[in-house]
Amino acid sequence: MTPFTYTGLPARVLFGRGATTRADEMLAEIGVRRPLVLTTPRQSDLGEAVLGGLMDAAGLFTEAAMHTPVAVTERALAAYGEAGADGVVSVGGGSTIGLGKAIALRNGAPQLAIPTTYAGSEMTPIIGQTEDGRKTTRRTPDVLPEAVIYDVDHTMGLPVAMSVTSGINAVAHAAEALYAEGANPVLALMAEEGVRALHGALGKVIDRPDDADARERALYGAWLCAICLGSGGVALHHKLAHVVGGSFDLPHAETHTVLLPYALRYNAPAVPDAMAVLDRAVGGDAPTAIRALAERAGAPAALRALGMPEEGIDLAVRQTLETPYPNPRPLEAGPLAAILRAAWAGDPLTERAP
Ligand code: NAD
C-alpha cells in the first residue's frame, strides 16, 4: 500500500429527524449554558424556533452573511458580550456556520452547529473571512465546531436547485479528497459512500423534494463528504472555485457546480483509480453524471450565467498558476484555459481531458 497519514478530527455528531430537540444535551456536553443563536435574516424564523426550544439562551443574532464579513463578526461579538453568552448555536448553511467559527476564532466560544444545507462547513477546521473586499481562508483547529446536529427536518424545505448545488459542492469535497495530498484509505471509503448516498438521493429530491428518506440519505452523504474536506486536502477544482468565486463575487455553491465536471475531466488522466471510485459511486461517467444532475435541477450551467466576464478567463488562469494548490496533474496554461473557457460558456463536456 502507499504510505499515508490519517488525522481524525474531534467532533461529536448527532444525526436524526427531530434531533434538534436534543440541543440542550449537546450543549451541556460541550460546556455551554447560555448560547447565542446565530442565523441569517432569511432563516430568522428557524432561529426563533431553535431559540425557543432551548432551556436557556443569550439571544438570537440574525445577520450572518455570505463570505463571513468581518464587520458582521464584530457586531455579533458585541451582541455575544452584551448578552453574557458562553457559546454559539449556528443554525443555517455555510454562511451561518462561518460566523460561528469567526466568533470562536476570536473568543474561543464552543460551537454547536445545526447545518441546513449540504455545504459541509460544520465538519471542517477551515474558515474564510472577508474584509475590504478580500477573502482570506485558513485552517485552524480553533474553529472546528465541537458538536453538530444533523436534523433532517431543517433540510426538508431547502429548495431543489439549492439542494443540488450545495450537494455538488459536497461531492467536490469528496472527489478531491480522493486524489489531493493527504488522500488515505479511510477518507476514500467515506468519499465513495458519501458520493453514492448524495448523488442517489439528490436524484430523488429533484422529483420529490419532500421525500424524507431521500433527504436523510442526502444529509448522511453530505456529512461524509464534509469529513473528507475537514480531514483531507483539496486541489485544482477548489482552487478554480476560489479564484473565480473570489475575483468575480460569484455564488459559492453554483460556482462549484459549474466547475466540478470540467475540473474532474482535467485531472482524470492523472488519477484513474480515484475516477474509478467516483464512477462506481454514481454508476457511470462521474463528470457526465454530475453535470446531468445539475441540469435536471435547473441549476446554472455556465460561469457567464453567474456573472463572470469573459476577460476573467485569462486572469483566472494566471492566478491559478501563480499560487497553485498541489494537483495530481501538472497545471498547464493551455489546457487550463480550455476548461475555464468551456465552463464559462457552459460547453458540453468533452470525452477526453484537454
Ligand atoms: P448559505 O449558508 O450562504 O445559504 C444561502 C441562503 O440560503 C441563505 O440565505 C440561507 O439562510 C438560506 N438557507 C440555508 N439553508 C436553508 C434551508 N434549509 N431552507 C431555506 N433557505 C436556506 O449557503 P451554503 O452554500 O450552505 O454556504 C456557502 C458559504 O459557506 C460560502 O461562504 C462558503 O465559502 C462557505 N463554506 C465554507 C466551508 C468551510 O469548510 N469553511 C465549506 C463549505 C462552504
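**Ligand surroundings, salt bridges and surface**

An oxygen atom of the ligand lies 3.4 Å from a polar backbone atom of His67, a polar contact in the sense of a pair of N or O atoms within 3.5 Å. The structure is a predicted model, in which local features need pLDDT of at least 70 and side-chain atom pairs count only at pLDDT 80 or more, while totals for chains, interfaces and linings use all residues. Residues are numbered from 1 along each chain as its sequence is written, and side-chain values use heavy atoms, with hydrogens and water left out.

In one, a nitrogen atom is 3.4 Å from an N or O atom in the side chain of Arg42. In the other, a backbone N or O atom of Ile126 is found 2.9 Å from a ligand nitrogen. The protein buries 85% of the 860 Å² that the ligand exposes when taken alone (Shrake-Rupley method, 1.4 Å probe).

Turning to the whole shell, 22 residues surround the ligand, each with a heavy atom within 4 Å of it. Thr40, Ser95, Thr116, Thr117 and Thr124 are the closest of these. Helix 4, residues 94–107, supplies the largest share of the shell, with three residues; helices here are DSSP runs (H or I, at least four residues) and strands likewise (E, at least two), numbered from the N terminus. Sorted by class, the shell holds 13 polar, six nonpolar and three charged residues, where Asp, Glu, Lys and Arg count as charged, Ala, Val, Leu, Ile, Met, Phe, Trp, Tyr, Cys and Pro as nonpolar, and the others, Gly among them, as polar.

Side chains of opposite charge can pair when their charged atoms come close. The whole structure contains 13 salt bridges, each a side-chain nitrogen of Lys or Arg within 4 Å of a carboxyl oxygen of Asp or Glu. One of them joins Glu25 to Arg22, with the closest N and O atoms 2.8 Å apart. Glu25 is partly exposed at a relative accessible area of 35%, and Arg22 is partly exposed at 39% (buried is under 20%, exposed over 50%, partly exposed in between; 1.4 Å probe, protein chains only).

Another salt bridge pairs Asp207 with Arg296, at 3.3 Å between the closest N and O atoms. Asp207 belongs to helix 6 (residues 185–207) and Arg296 to helix 11 (residues 286–296), so this pair ties together parts that are 89 residues apart in sequence. Asp207 is exposed, at 55% relative accessible area, whereas Arg296 is partly exposed, at 46%.

Glu332 is partly exposed at 40% relative accessibility, while Arg329 is buried at 11%. Elsewhere, salt bridges with shared partners link Glu192, Arg196 and Arg280 into one network.

The surface also carries a nonpolar patch made of Met1, Phe4, Tyr6 and Val186, with about 440 Å² of accessible area together. Patch members have over 30% relative accessible area and no salt bridge, and nonpolar side chains (Val, Leu, Ile, Met, Phe, Trp, Tyr) are joined within 5 Å, like charges within 9 Å. Met1 sits in the segment before strand 1 (12–15) and is exposed, at 87% relative accessible area.

Finally, Glu48 is located in helix 2, residues 44–52, and is partly exposed at 46% relative accessibility.

Conventions:
Polar contact = N/O pair within 3.5 Å; in protein donor to acceptor, adjacent residues only side chain to side chain.
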